[in-house]
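Me: I'm new to this one and would like to learn how to read it. Could you walk me through some features?

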Amino acid sequence: MEDVTRIHTPVMLERCITVLGPALERPGAVLVDATLGLGGHAEAFLTRFPELTLVGLDRDLQALALAEGRLKPFGDRVHLVHCVYDEINSGLQKLGISSVDGVLFDLGVSSMQLDRAERGFAYSKDAPLDMRMDQDAPLTAEMILAEYSEFDLRRIFRDYGEEKLADRYARRIVQRRAEQPLVRSADLVDLLQQATPAALSRAGHPAKRVFQALRIEVNQELSVLERAIPAAIGSLRVGGRIVVMSYQSLEDRIVKRALQSLSVSTAPPGLPVELPQHKPELSLLVRGAELATEEEKAENPRATPVRFRAAERIRSAS
């Protein structure tokens with residue numbers, strides 16, 4: 001079996017354990033790793049909390065297979081489910097679990113997906129334009145570039161990549177595909193570099209934001225996340241905790257909005273007494289979005305853009 005410890009260094013691992021730990025110390029505690037990946041976080045939690053049961057979710061069958069091998073020593077304390085993380089409730093129902101003590105999200109593209117050139121996620125490596133996290137899913141980046149209108153290409157580059165040159169890039173792609181289809185990442189990178197004014201090319205690689213936008217569209221990451229965070233919060237028992245690590249501003253905004261909306265009173269202004277049903281459901285555990293330490297960034301460069309948010313459930317919804 002491939003040594004997954006060499007290709008996966010868990011981001012902010014000790015911080016995750018510190019924040020989630022108080023909710024996981026009771027016998028029979030259940031932690032959902034909603035983005036299992038290669039199982040680095042999961043392995044550490046199972047080791048640190050000997051009575052913990054872990055439910056690992058992932059849409060990537062390759063990742064699940066590798067994680068299964070890594071977590072095999074923990075036996076029946078581990079339950080792996082092939083699903084997208086907005087399906088957390090159905091995944092738990094299949095296992096007969098009604099509520100959990102902790103949920104962990106480590107969002108974005110995984111180490112394995114980035115490091116394996118054939119998956120097409122990295123603009124620095126020539127590969128087919130795939131970008132699917134779930135390789136059974138029908139939509140690929142190649143299909144988007146071949147079939148989406150110029151308007152829709154412009155929209156996803158602008159909305160999901162926050163790309164200032166969205167108009168120019170979309171127009172060039174439509175012109176190019178009329179002559180020859182874009183099927184490999186190197187072809188797309190060359191087109192983007194040629195379309196980028198020299199003055200702007202020095203501000204960062206021109207493909208970075210376009211590749212991010214395509215990946216988000218292929219995997220419907222933002223719409224899935226908007227459903228997943230409320231579902232995960234709903235699965236928490238009172239006293240349970242959630243940790244979410246985001247890697248770009250679009251994700252972090254969704255997480256911030258979801259956590260903050262449940263951490264304030266919903267009592268109408270001027271109400272003399274706050275009724276129980278208006279009390280906050282969550283208590284935020286960190287102020288704003290916490291960043292990785294300089295030491296962690298040096299040890300694990302993939303922690304550089306992370307935004308860490310966490311909350312504890314203090315009241316049930318009913």
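Predicted model: local features only at pLDDT ≥ 70, side-chain atom pairs only at ≥ 80, totals over all residues.

Me: How many helices and strands are in the chain?

Reply: Helices (H or I, at least four residues) and strands (E, at least two) are DSSP runs, numbered from the N terminus. Here the chain has 14 helices and 7 strands.

Me: What percentage of the chain's residues is buried?

Reply: Buried means under 20% relative accessible area, exposed over 50%, and partly exposed in between, with a 1.4 Å probe and protein chains only. Of the 318 residues in this chain, 51% are buried.

Me: How do I read aromatic pairs?

Reply: You describe a pair of aromatic rings by the distance of the centres and the angle of the planes. Rings of Phe, Tyr and Trp (its six-membered ring) pair if their centres lie within 6.5 Å; planes under 30 degrees apart are stacked, over 60 edge-to-face, and the rest tilted. That rule gives 2 aromatic pairs here. Phe45 and Phe49 are stacked, at 6.2 Å centre to centre with 15 degrees between the planes, and both Phe45 and Phe49 are buried. Tyr85 and Phe105 are edge-to-face, at 5.5 Å and 90 degrees.

Me: Where do Tyr85 and Phe105 sit in the chain?

Reply: Tyr85 is in the loop between β3 (78-82) and α4 (88-94), while Phe105 is in strand β4 (residues 100-106), so to speak 20 residues along, and the pair links distant parts of the chain. Tyr85 and Phe105 are both buried.

Me: Why is α11 described as largely enclosed?

Reply: Because 10 of its 12 residues are buried, α11 is largely enclosed by the rest of the structure. Among the buried ones are Phe211, Leu214 and Arg215. With contact meaning heavy atoms within 4.5 Å, the buried residues of α11 pack against helices including α6 (141-147), α9 (185-195) and α13 (249-261).

Me: What is the span of α11?

Reply: The expected span of a helix is 1.5 Å times one less than its number of residues. Helix α11 (residues 208-219) reaches 17 Å from its first C-alpha to its last, close to the 16 Å expected.

Terms used:
Residues numbered from 1 in each chain as written. Heavy atoms only, no water.
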